[in-house]
Amino acid sequence: MNSKTLSALRSIFAHVVLVILSFMCLFFFYILFVNATRSHADLQKGFSALPGGYFWQNLKNVANDGTFPMIRGILNSLIVSGSCAAICTYFSALTAYGLYAYDFKLKKIAFTFIMAILVMPTQVTAMGFLRLITKMGMYDSLLPLIIPSIASPAVFYFMYSYLQSSLPLSLVEAARIDGSKEFRTFNQIVLPIMKPAIAVQAIFTFVGSWNNYFVPALVIQSKDKMTVPILIATLRGADYMNFDMGKIYMMIMVAIVPIILVYLLLSKYIIAGVTLGGVKG
Amino acid sequence: MKPKRKKIDYAKWGYIFIFPFFAAFFIFSFIPLVDTIRYSFYEYYRSGIKEIGPNFVGMKNYVSLLQSDMLKYAGNTLILWLIGFVPQIVIALLLAQWFVDARLKIHGKQFFKVVIYLPNLIMASAFAMLFFTLFSTNGPMNSILMSMGLTDHAIDFMGSVSGTRSLVGLMNFLMWFGNTTIMLMAAIMGISPDIFEASELDGCNSTQRFFHITLPLIRPILAYTLITSIIGGLQMFDVPQILTNGQGNPDRTSMTLIMFLNSHLKSKNYGMAGSLSVYLFIVSGILCFIVYRMTNDDDPDGSKAAARKNRKAGRR
Amino acid sequence: MKKKLVSIVLMTALAAGTLAGCGGQGGSDTGDSANVQTGGDAQGSSSDAAVATATDEGKVINIYCWNNEFRERVELVYPEVKETSADGTVTTLNDGTEIHWIINPNQDGVYQQKLDEALLNQASAAADDKVDIFLSETDYVNKYTDAEADVAMPLKDLGINPGTDLADQYSFTKITASDVNGVQRGSTWQCCPGLLVYRRDIAKEVFGTDDPEEIGAKVKDWDTIKATAGELKAKGYYTFSSYADTFRLYGNSIDAPWVAPGETTIKVDQKIMNWINDSKEWLDAGYLDKTVKGQWNSDWNQAMGSSSKVFAFLFPAWGIDFTLKPNWDGEDGMWAVTNPPQEYNWGGSYVHACTGTDNPQHVKDIIMSVTADKDNLLKISREKTDFTNTQSSMREAATDDANFSSDFLGGQNPFKYFAPVAENIKIAPLSAYDQGCVELIQNSFSDYFQGMVDFDKAKANFETAIIERYPEITAVQWPQ
């Protein structure tokens, strides 16, 4: 009896906490939404809790602005973020598996090395990176935004940890005995087991890449290659002449909607992946 | 003879598998890094559009950084990170635990999970912009507080040290707790249900189960969270930068290391930025080494060491 | 074993190769910048010949700027313009030459960063990739007109004689765009004399009149306006919104540049100290709104709304149209302009011909028609509300109430007030460090104004920040 009321209380408490936290999270989206529905003049007058009637106007302003290729920008961002998420998770899983499942001389050194570079702040190498890609003729192209994500130490480390906890080496041995080639083993046995980890990291990489402003701002020059964050900065930087906060909020709205969609799709997949479980400890 | 040959064969695959990573790393990170380190020993900056240097100056940049307020900014960074991280990890653990606890019967689990992750999707800079507007002296937060009668005059949130720091902490918390929760949840769900069942039979209550089974078992992921959060904390930039207009106001108390680095990059001071980067690199390396050691080799019951022994033995 | 060895060798070879590549790269970089200096000179003198003959011009004119402002003005008045592509990136001229607009946001210094990169590569860039025209703002115009850097061509090398061709321009704009030797290296269509813009309703309530002449007398100099501020305060109004509002008036009348040419010491002018002391005094006295911290934030914008208690703002023409007007939520005709307590200039975009351009004739034509032609400039004033840069046309505008009166200002013709201010502006001596100094002194002392730090700490914070921004600065001198 006592334990039952206790767990009922716990359940209520949990729900209350969750509702408060959710409110805090959604509140900012709500503000963003409200702001995106108001004209610049309305916004400057102060805050309002209710949406205005300027939503379509703002959307039209953003979409029809010729100097501001929104659709193109979203497409570029999708390409870059999608490719990043794909190759980053694949190669990180590959590297993690390489270091986890095989014994070789440089294994320890390689692992320590990756752990050491795990902490390298990206800003540190930005200037040298820019010089390098200019030399390689990749300035103003999307490639330098994608390829470097092959080497993502943090994602590697996550994959490695995941493998440690969920891939018994005996499974690999068994596959070998069945005559499976190494790459096949990885692609057909190991990858499916890692699905939950891959899904989680794919989201993180996608979002990180989608929101990345620092590197694209250095690398991208021409309008038709700009990604969404650069476009927003361009809008904000368009100083007093055509400064329109309503447009900016709308652009931020437009920028996060695709992400939310991708997230919703993948989040279901994660849950499913985890509960179906190819993972047995 | 036969198994030995086979082993060499597999080692080759190890190299092949890790090759793309290292190739990409060497090209896109290592060369620029060497560049950075090299210039850290030079006087090298732009004055207007004229380039000064590079002139070799040895350790001068390092020394003058130590004499500057760098350590103060390191302190700021640490404080700002802690304000965000401590609530983040506590709440995330709690939520992850609740979400996997079938007996709590959380309604709308999927909804909550989706919602708490949402703030992470917004660009940090856009998020900071929103906060800046919300918490400005004549902003909506103040009018809400005043209309609720909680305060009779507008609070100058960003005018005080604690106010600014709390706002940065709150933003970091909101942006990352959902992320951490999902990650920890994945880890907890990865634990075999058998273990939980066994513990239940042994009469563990939920608190005991949490501290004695869940926590130790998700240690690798916890370590991962801690490490990535430390890195994220060291790299903290967008949020305080935009909230304080790049100045770390008031009185530079919310100036972080990367904001400091950014102000050097902005002035194109490659030499100074380089040596600051090297410091950052060393510090973060040490921090992570400590955390990694702490969470991996601290092995109270010896089960891990045993497992490792077994594995080794098995391979032999 | 063998294979393993091979892979190790491969890896180390790769690393070594990249290291070597890196060293070479650094070396060639400095080589490049040297080339720009000397190559630039050569280009500068050879372009004289190019102008004289003006035969083979390149097919592409690259213009670097930070928004559409200049493009719209070129489209408006440059007769050769045929059409602009829908996305605004390419303008085609009648002779088939294309203007490529390379726009980067001013924000976070991105514009200058990209421009600087392009300028450093100017000598080695292909003809069609060379920068032909670039724009700069008053705050950093000096960085680009620098004689030694020689990135902005002297106008006379283009065939423009500033003495005769630009005689009608306001002389302070010509001085602003000149290097230390007095060689003019840029020109502007716009001139930004500032006025005092005040709320008519508040004026009526406090002073019993909203007549611009009478209010003008109440704000004619600093002592008078201080007494007036007391009257406003007594009725519960603030004179200005923020301490940053008055900065341009002090900061643009300094006697010596922040940094004298060839020196590395920042000398803080007494006028700046006056601004600091006056701002503190005004803020403590309640003449300024304590909750508005600086400009360009939402508090500041709200101070321009109808519910605000702020009496006046200090704005040039663009400030009234693009800042005040969008933020005002009341009816038109509630504001009026009058003379400021001190003449000042705020803002302005300068057009420069880039050294090494392959289109000198076109560049000259564009600069002449957008910045020197009286009729064109009058047209810009009419359609884009800029206060433009020909004295004679602005004198006309000052009396032409039919074309230039503003509904927003209750039918007042602001040019009547702008023109005399413009003629009295004495531009402060510039240095390449102005942008940073102006920004950082306001930031560092805002803590002091709000009582967060004491005076000496604010000074120290300014010194720290400025040396971070400009590594070559060796000392900061404060007036006694």
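A crossing counts as right-handed if the near helix is turned clockwise from the far one by less than a right angle, and as left-handed if anticlockwise. Helices (H or I, at least four residues) and strands (E, at least two) are DSSP runs, numbered from the N terminus.

I recorded that this is a predicted model, in which local features need pLDDT of at least 70 and side-chain atom pairs count only at pLDDT 80 or more, while totals for chains, interfaces and linings use all residues. Residues are numbered from 1 along each chain as its sequence is written, and chains are lettered from A and ligands numbered from 1 in the order in which they are written.

**Entry 1: H20 and H21 of chain C**

I looked up the geometry of H20 (residues 434-449) and H21 (residues 455-469) of chain C: their axes come within 9 Å and cross at roughly 150°. Axes are lines fitted to C-alpha atoms, for helices over the stretch in contact, and angles run from 0 to 180 degrees between N-to-C directions. H20(C) and H21(C) are therefore roughly antiparallel to each other (angles over 145 degrees count as roughly antiparallel, under 35 as roughly parallel, 65 to 115 as roughly perpendicular and the rest as oblique).

I then listed the residues that meet, among them C:Leu440, C:Ile441 and C:Phe445 in H20(C) and C:Phe462 and C:Ile466 in H21(C). Two residues are in contact if their C-beta atoms, placed from the backbone, lie within 7 Å. By class, this contact of H20(C) with H21(C) has 10 nonpolar, three polar and two charged residues. Nonpolar means Ala, Val, Leu, Ile, Met, Phe, Trp, Tyr, Cys and Pro, charged means Asp, Glu, Lys and Arg, and the others, Gly among them, are polar.

**Entry 2: H12 and H20 of chain C**

I found that H12 (residues 270-285) of chain C packs with H20(C) at an angle of about 35°, the axes being 11 Å apart. The crossing of H12(C) and H20(C) is right-handed. The residues in contact include C:Ile276 and C:Leu283 of H12(C), and C:Ile441 and C:Phe445 of H20(C).

**Entry 3: a sheet in chain C**

I traced an open sheet of three strands in chain C, in the order E8-E6-E9 and with antiparallel pairing. Strands E8 (312-316) and E9 (335-338) of chain C stand at the edges with a single partner strand each, so one side of each is left without a neighbour in the sheet. On average, neighbouring strands of this sheet are turned by 35° against each other, direction ignored.

E6 (residues 194-199) of chain C pairs with E8(C) in the antiparallel sense over five bridges; two strands pair if DSSP finds at least two bridges between them. I noted C:Leu195 opposite C:Phe315 in E8(C). Helix H8 (residues 200-207) of chain C packs on the sheet, touching E6 and E9 of chain C, and its direction makes about 70° with that of E6(C). Helix H19 (residues 415-424) of chain C also touches E6 and E9 of chain C, its direction making about 145° with that of E6(C).

**Entry 4: contacts between chains**

I looked up the contact of chains B and A, which takes 72 residues from chain B and 71 residues from chain A. H1(B) gives the most to the side of chain B that touches chain A, with 19 residues. That side has 52 nonpolar, 15 polar and five charged residues.

The contact of chains C and B takes 39 residues from chain C and 38 residues from chain B. H1(C) gives the most to the side of chain C that touches chain B, with 12 residues. That side divides into 13 nonpolar, 14 polar and 12 charged residues.
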